[in-house]
Amino acid sequence: PWLSYGRPLNGSPITIDTQYDDETIINFFKRWLAEKRKAEGERVRRPFIQNDFDDWEYFKIREIFDLETWATLMNVKILDKVIAHTLWPNPSDNFSPIDVLRTTARKKVKEVFSFNVVVRLYGQLLLEYGENFLEQ
């Protein structure tokens with residue numbers, strides 16, 4: 001929320017009168033924010049949590065992105081069955097790697113590797129760990 005990340009910031013500049021007590025300021029801000037998001041049609045997002053990263057790992061999001069990016073750059077086609085078998089070589093009987101790849105994993109790749117997700121994740125890391133979080 002503090003940096004532009006190479007794009008215009010979303011939102012509204014606000015001024016807070018610090019003479020009011022914290023509870024009043026926080027309650028008013030929560031109401032104002034809910035009304036603002038409703039008026040602008042923006043949905044409320046939650047911070048990324050460990051379950052998100054576990055989900056990305058389970059669906060092999062990074063691996064699919066890497067393979068498909070490499071295939072595009074090399075101008076080759078990797079068959080879905082090859083990707084599925086490579087990423088999930090010994091699936092259980094109730095798990096269909098090719099179905100997961102086609103119905104869920106690719107959608108998640110597009111969601112995760114989008115500019116908005118990158119900006120949100122970067123912003124969250126910045127807020128949690130400070131400006132020098134990459135140096136830690």
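## Contacts and burial

Take the contacts in the protein with a separation of 6 or more: residues 24 or more positions apart account for 53% of them. This is a predicted model. Buried residues make up 21% of its 136 residues.

## Fold and dimensions

The protein has 6 helices and 0 strands. Read from the N terminus on, the elements run α-α-α-α-α-α.

The C-alpha trace spans about 65 × 35 × 30 Å along its principal axes. The radius of gyration of the protein is 21 Å, whereas a compact globule of 136 residues would have one near 14 Å.

## The nonpolar core

In soluble globular proteins, nonpolar side chains tend to be buried together. Here, the largest nonpolar core holds 18 residues. Ile61, Ile64, Trp88, Leu101 and Ala105 have the most contacts inside this core. At least two of the core residues come from each of helix 3 (61-74), helix 4 (80-87) and helix 5 (97-112). Helix 5 gives the largest share, 5 residues.

Ile61 deserves a look of its own. Which residues does Ile61 contact, leaving aside its neighbours within four places in sequence? They are Trp56, Ala105, Lys108, Val109, Val112 and Phe113. One of these, Ala105, is also among the core residues with the most contacts inside the core.

## Surface and charge

The protein carries 19 positive and 21 negative charges.

Terms used. Residues numbered from 1 in each chain as written. Predicted model: local features only at pLDDT ≥ 70, side-chain atom pairs only at ≥ 80, totals over all residues. Heavy atoms only, no water. Helix = DSSP H or I, 4+ residues; strand = E, 2+ residues; numbered from the N terminus. Rg over C-alpha atoms; globule rule 2.2 N^0.38 Å. Buried < 20%, exposed > 50% of the residue type's maximum accessible area, 1.4 Å probe, protein only. Contact = heavy atoms within 4.5 Å. Lys, Arg positive; Asp, Glu negative; His and termini not counted. Charge placed at Lys NZ, Arg CZ, Asp CG, Glu CD. Core = buried A, V, L, I, M, F, W, Y, C linked by side-chain atoms within 4.5 Å.
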